[in-house]
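Hello,

Here is the structure I promised to hand over. Please open it first, then read my notes below.

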Amino acid sequence: MSPPTTPPTTPPTTPPTTPPTTPPTTPPTTTLSTHVLDSALGAPAAGVAVTLGAPDGTTTPAATDADGRVRFEAPVTGGAHTLTFATGDWFAAAGRPTFYPEVVLTFSVDATEEHYHVALLLGPFSYTTYRGS
């Protein structure tokens with residue numbers, strides 16, 4: 001007589017698990033300001049129209065205050081941004097000639113940094129820029 005056969009056993013199945021859901025993360029952001037100084041007069045350049053361009057194509061218009069400054073209220077994300085200064089209109093309003101009707105600065109933002117300050121020293125026939133603090 002042959003020994004009794006036992007049916008094959010299948011291991012117990014466990015229900016599939018779904019990974020825990022994590023809420024979507026918000027990308028890091030930082031703050032941005034600019035300062036325009038008229039290097040020919042040694043004074044702040046008040047009333048210069050400035051447009052901030054973001055990596056997604058959105059723009060934020062502003063104008064420098066009496067001290068030549070703009071602090072953008074909305075936080076900025078990482079990536080390449082532009083600041084466009086309407087220097088031709090500003091010089092024309094003062095009755096002064098200029099070689100640069102517009103100054104466009106493109107710069108990279110690391111949104112994990114605390115703050116970005118982009119300064120523009122402006123003359124009728126020259127300009128220079130730097131990252132300030």
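Which strand holds His35? His35 is in strand β1. A caution before the rest: this is a predicted model.

His35 is worth a stop. The relative accessibility of His35 is 11%, so this residue counts as buried. The His35 side chain makes a polar contact with the side chain of Arg69, at 3.5 Å. Leaving aside neighbours within four places in sequence, the contacts of His35 include Asp67, Gly68 and Arg69. His117, Val118, Ala119 and Leu120 are also among them.

Now the overall layout. Along the sequence the order is β-β-β-β-β-β-α-β-β-β. There are 133 residues, and 29% of them count as buried. Take the contacts between residues at least 6 apart in sequence: 58% of these join residues at least 24 apart.

Next, the core. The largest nonpolar core has 21 residues. Seven names to look for are Leu32, Val36, Val48, Val50, Phe72, Leu83 and Phe85, which touch the most other members. Several elements each supply at least two residues of this core: β1 (29–38), β3 (49–53), β5 (69–77), β6 (79–85), α1, β7 and β8. In soluble globular proteins, nonpolar side chains tend to be buried together.

Then the end of the chain. Strand β8 (residues 115–123) and strand β9 (residues 126–132) run antiparallel. Seven bridges join β8 to β9. The two strands form a hairpin, with two residues between them. Leu122 has Tyr127 as its bridge partner in β9. Look also at Arg131, which lies over the face of Tyr116, 3.8 Å from the ring centre.

Last, the aromatic rings. The count comes to three aromatic pairs. In one of them, Phe99 and Tyr100 have ring centres 5.1 Å apart and planes at 80°. Why is the pair of Phe99 and Tyr100 edge-to-face? Planes over 60 degrees apart count as edge-to-face, so the 80° between Phe99 and Tyr100 puts the pair in that class.

Tyr100 also pairs with Tyr127: the centres are 5.1 Å apart and the planes are at 80°, so this pair is edge-to-face. The Tyr100–Tyr127 pair links distant parts of the chain. Tyr100 sits in the loop between α1 (87–93) and β7 (103–109), while Tyr127 is in strand β9, 27 residues apart.

Tyr100 has a relative accessible area of 26% and is partly exposed. Tyr127 is partly exposed as well, with a relative accessible area of 34%.

Best regards

Methods. Residues are numbered from 1 along each chain as its sequence is written. This is a predicted model: local features need pLDDT of at least 70, side-chain atom pairs count only at pLDDT 80 or more; totals for chains, interfaces and linings use all residues. Side-chain values use heavy atoms; hydrogens and water are left out. Two strands pair if DSSP finds at least two bridges between them. Helices (H or I, at least four residues) and strands (E, at least two) are DSSP runs, numbered from the N terminus. Rings of Phe, Tyr and Trp (its six-membered ring) pair if their centres lie within 6.5 Å; planes under 30 degrees apart count as stacked, over 60 as edge-to-face and the rest as tilted. Buried means under 20% relative accessible area, exposed over 50%, partly exposed in between (1.4 Å probe, protein chains only). A charge sits over a ring if NZ of Lys or CZ of Arg is within 6 Å of the ring centre and within 35 degrees of the ring normal. A nonpolar core is a set of buried Ala, Val, Leu, Ile, Met, Phe, Trp, Tyr and Cys residues joined through side-chain atoms within 4.5 Å. A polar contact is a pair of N or O atoms within 3.5 Å; within protein, one must be able to donate a hydrogen and the other to accept it, and residues adjacent in sequence count only if both atoms are side-chain atoms. Contact means heavy atoms within 4.5 Å.
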